Amino acid sequence: MNSQDSSQRGSWGSKIAFILAASGSAIGLGNIWRFPMEVSKNGGAVFVLIYVLAVALIGFPVMLAEVTIGRHTQKNPVGAFKHLKPNGPWKLIGYLGIITGIFILSFYSVVAGWAASYLVKTASGAFRGDLTKQISDSLFTEFTSNPSQVLLFFIVVLGITTFIVSKGIKGGIEKWTKVLMPLLFILLIFLAVRAITLPGASEGISYYLKPDFSKLNSTVILFAVGQAFFSLSLGMGTMITYGSYISKSDNLVSDAGWVSFSDTLIAIFAGLIIFPTLFAFQGSPGEVQGEGLVFQVFSLIFAKIPGGYIFGVLFFTLLLVAAITSTISLLEVPVAYLIDERRWSRKKAAMLMGLCAFILGIPSALSTGAVKFFTEIGFLGKMNFYFGNIALAAGALLICIFLAYVWRVKNALKEIAIGCSRFRLKPLWAFSMMFLSPIAIIIILYFIKTIR
Ligand code: PHE
């Protein structure tokens, strides 16, 4: 790689920088918006249990696979597969990832726009003490069915994302995560303590933490595994791309471990806030909760607790930052590809891909009440399902198969051994790569037919 190329690509400034940036990618709306929504749609605590198992047995191994491929090849997903296997169709996995990334970015930025608007609403004092669950629900619907509002915030989020990505890795991503992610974590702990001490919260806690195994079925497992991929930013090469900026002295196992652990912890805390609060105000999770769940419930909390105004502003600021560190990583995948493989400038690549995401995102933005046609299709929900679950699961499957049977586990282990002298989970990881993860994902993808 010549110096012009490497300055275009950038690299992490320090060891901790990868963990920060990758956690920044992983932690986002997936933890705070999507996770509680999936829990409420898929039987409560039993989903949480399967989710944690999915992270440990499939998510963490796939994350290690991705960062290993990334660091070994020092390339974007397409370049990485091409480098390891120049002939054959394998680089298509990289293209699949790039396309998936742009589609996820499109609807993800819409929801991040909701967070931005809730920040503005909270700051302007919209959520006062007399707020009820009904009012909070209708405020949400009112906002999401207003096309100019939704589009405005959507554009703001995509604009910020494009700007940061066009400035490059070092200047962009690390700075945000360093201070703000720990702050988000502390705030969530605080809010969780408040939520579980609300009168009537205990039922919410048992709904969230006491599994009812009669609710366990293939759909629950499908969504739990899909959620693990989505939340850990796996299956589309994000971690290959981020891994490509890791230095050789880093310990990939502990890097992947820390990112998986912190991501899961944040999701668990988000649920510990949502469900106790929801039960305290409503008595049950009601019928299936939709995309508005988190926004409706959080505005209730901030309306009711002392100092709610400050906490509300702080929370939505941090949620927005968490979302933007994720949108950055979604955009970084196609951008890294265009820089490496097509010799584009960073700026041009970022602008053009940002524009694509914008165009693709318009139907999602208008599908929550603004335009009847898209609303009836449930466009945003469909995008979330097909790209956020299916495409990521398919991508993860192909990555496992590639690593285990094309590149081979022993070669991957050589890369892991650089910077990690004792990898105690080696046999387990190899087992997961060769058998457990691919077989589990194939079975899950097979069952999709029966639920649609
Ligand atoms: N993991 C991110 C979140 O939880 C979303 C994401 C998915 C980011 C896939 C990159 C790739 O919010």
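A cavity, on a 1 Å grid over the protein atoms alone, is a set of points where a 1.4 Å probe fits but cannot get out. A pocket is an open set with protein on both sides within 12 Å along at least five of seven lines. Lining residues have an atom within 4 Å of a point. Grid points are joined across faces, edges and corners, and a volume is the space filled by probe spheres set on the points.

Ground rules next. This is a predicted model, where local features need pLDDT of at least 70, side-chain atom pairs count only at pLDDT 80 or more, and totals for chains, interfaces and linings use all residues. Residues are numbered from 1 along each chain as its sequence is written, and side-chain values use heavy atoms, with hydrogens and water left out.

Cavities, then. The structure has 4 of 30 Å³ or more. The largest cavity holds about 140 Å³ of space. It is lined by 18 residues, and S25, Y108, F230, S233 and L330 are the closest to its centre. Which helices each supply at least two lining residues? They are α2 (15-26), α3 (29-41), α6 (91-123), α11 (218-231) and α15 (308-342). Helices here are DSSP runs (H or I, at least four residues), numbered from the N terminus.

What is that lining made of, by class? It has 9 nonpolar residues, 9 polar and no charged. Nonpolar means Ala, Val, Leu, Ile, Met, Phe, Trp, Tyr, Cys and Pro; charged means Asp, Glu, Lys and Arg; the others, Gly among them, are polar.

Now the second largest pocket. Its space is about 310 Å³. Of its 15 lining residues, S23, I27, M181, P182 and S262 lie nearest the centre. α2 supplies at least two of the lining residues, and so do α9 (169-196) and α13 (252-282). The classes are 11 nonpolar, 4 polar and no charged.

On to packing. Axes are lines fitted to C-alpha atoms, for helices over the stretch in contact, and angles run from 0 to 180 degrees between N-to-C directions.

Start with α6 against α16 (residues 346-365). They pack at about 60°, axes 8 Å apart. That makes α6 oblique to α16. Angles under 35 degrees count as roughly parallel, over 145 as roughly antiparallel, 65 to 115 as roughly perpendicular, and the rest as oblique. The crossing is right-handed: the near helix is turned clockwise from the far one by less than a right angle. Contact means heavy atoms within 4.5 Å. On the α6 side, I102, F103 and L105 are among the residues in contact, and M353, C356 and A357 are among those in α16. The contact has 10 nonpolar residues, 3 polar and no charged.

Next, α6 against α8 (residues 147-167). The axes come within 7 Å and cross at roughly 110°. So α6 is roughly perpendicular to α8. The α6 residues include W114 and V120, and the α8 residues include F153 and F154. Here we have 11 nonpolar, 4 polar and no charged.

Last pair: α3 and α13. The angle is about 60°, with axes 9 Å apart. This crossing is right-handed. F35 and P36 are among the α3 residues, and D263 and I266 among those of α13. The classes are 10 nonpolar, 2 polar and 1 charged.
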